[in-house]
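Here is a short report for a reader meeting this structure for the first time. Please look at the sequence and the fold before reading on.

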Amino acid sequence: KEPISYTAQGKPIAPLMVDWHAGRVTSEDCRSIGSALVVLADIRGMFSSAREHDLIAALIDTIFTPSVLATTLKPIDDAVELLEEIAQLRDRDTGLPHRCMILSNIDNETIEIAGKSEQNKKIFSHFAPRDIATSADLGTVKPRAVIYERFIEKYNLKPSECFFIDDRPENIIAAAQIGIDGMVITPTGYQEALAEIKRYSR
């Protein structure tokens with residue numbers, strides 16, 4: 001049985017969303033399926049009001065329209081500060097900056113649009129475009145262990161030389177299965193994360 005993917009709030013991600021993130025269906029497919037489910041729910045009398053119907057329909061359209069979804073992705077100030085601090089750290093052996101990379105459960109179109117927005121430049125400026133890997137690129141999602149294996153293979157990395165930060169504990173556990181150290185970051189734990197990264201890089 002494959003592990004369940006969760007949102008940052010700890011809610012299970014719907015199978016349709018997982019398929020979208022893994023690149024198995026398109027955003028258009030998802031909107032069509034979502035719209036069909038809304039019609040079916042309406043026929044079965046599952047909505048308490050027309051307003052509830054319209055709200056669910058609008059939510060589906062927002063989630064599965066990359067140009068709209070991307071506008072909801074905004075940087076967290078503490079995360080920006082953490083990235084800026086990490087950018088100042090140097091490899092203990094080479095003296096070179098650490099290579100910062102992204103591994104995200106997201107479709108390619110949404111992250112491409114988000115990365116170009118003015119509000120997100122302070123996040124994406126720390127990552128070379130080639131170092132941004134999506135679940136859609138890798139054909140599977142976190143926390144499935146295979147995504148880390150594919151990530152390591154794609155970038156020719158050594159697990160022992162990587163340090164993984166994520167907001168979901170199951171993702172950290174899965175990465176550890178192939179030898180990647182890491183830590184769970186919490187909304188109030190950015191300074192703790194920085195201290196751990198500094199310790200790891202020494």
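## Whole chain

This is a predicted model, in which local features need pLDDT of at least 70, side-chain atom pairs count only at pLDDT 80 or more, and totals for chains, interfaces and linings use all residues. Residues are numbered from 1 along each chain as its sequence is written, and side-chain values use heavy atoms, with hydrogens and water left out.

The protein chain holds 11 helices and 4 strands. Both are DSSP runs numbered from the N terminus: helices are H or I with at least four residues, strands are E with at least two. The C-alpha trace spans about 65 × 40 × 30 Å along its principal axes.

The chain has 202 residues, and 37% of them count as buried. Buried means under 20% relative accessible area, exposed means over 50%, and partly exposed lies in between (1.4 Å probe, protein chains only). The chain exposes about 12,100 Å², with 54% of that supplied by carbon and sulfur atoms. Accessible areas come from the Shrake-Rupley method with a 1.4 Å probe; for residues, only the protein chains shown count as cover.

Take the contacts in the chain with a separation of 6 or more: residues 24 or more positions apart account for 61% of them. Contact means heavy atoms within 4.5 Å.

The chain carries 23 positive and 30 negative charges, and their mean positions are 2 Å apart. Lys and Arg count as positive, Asp and Glu as negative; His and the chain ends are not counted. Each charge is placed at NZ of Lys, CZ of Arg, CG of Asp or CD of Glu.

## Nonpolar cores

In soluble globular proteins, nonpolar side chains tend to be buried together. A nonpolar core here is a set of buried Ala, Val, Leu, Ile, Met, Phe, Trp, Tyr and Cys residues joined through side-chain atoms within 4.5 Å.

The largest core has 20 residues, and L82, I123, F124, F127 and I132 have the most contacts inside it. Helices α5 (77-88), α7 (121-124) and α11 (190-201) each supply at least two residues of this core. Helix α5 gives the most, with 5 residues. F127 is in contact with L83, C100, M101, I102 and I132, leaving aside neighbours within four places in sequence. Apart from this core lies another, of 16 residues, among them L138, I147, L157 and I180.

## Aromatic pairs

The whole structure contains 3 aromatic pairs. Rings of Phe, Tyr and Trp (its six-membered ring) pair if their centres lie within 6.5 Å; planes under 30 degrees apart count as stacked, over 60 as edge-to-face and the rest as tilted. Two of the pairs are set out here.

| Pair | Centre to centre | Angle between planes | Class |
|---|---|---|---|
| Y148 and F164 | 5.6 Å | 70° | edge-to-face |
| F151 and Y155 | 5.0 Å | 55° | tilted |

Y148 lies in helix α9 (residues 145-155) and F164 in strand β3 (residues 163-166), so their pair ties together parts that are 16 residues apart in sequence. Both Y148 and F164 are buried. F151 and Y155 both lie in helix α9, 4 residues apart, about one turn of the helix. Both of these residues, F151 and Y155, are buried too.

## Single residues

The contacts below leave out residues up to four places away in sequence.

T134 is in strand β2 (residues 132-134). T134 has 2% relative accessibility, so it counts as buried. T134 touches S104, I106, N108 and I111.

The loop between α8 (135-138) and α9 holds T140. At 5% relative accessibility, T140 is buried. T140 touches A22, S135, V146, I147 and R150. P143 is also found in the loop between α8 and α9. The peptide bond from K142 to P143 is cis, with omega near 10°.

N156 sits in the loop between α9 and β3. N156 is not a glycine, yet has a positive phi of about 55°. Its relative accessible area is 70%, so N156 is exposed.

F163 belongs to strand β3. With a relative accessible area of 22%, F163 is partly exposed. F163 touches D181, G182, M183, E196, I197 and Y200. F163 and M183 are 20 residues apart in sequence and 8.1 Å apart in space, C-alpha to C-alpha.
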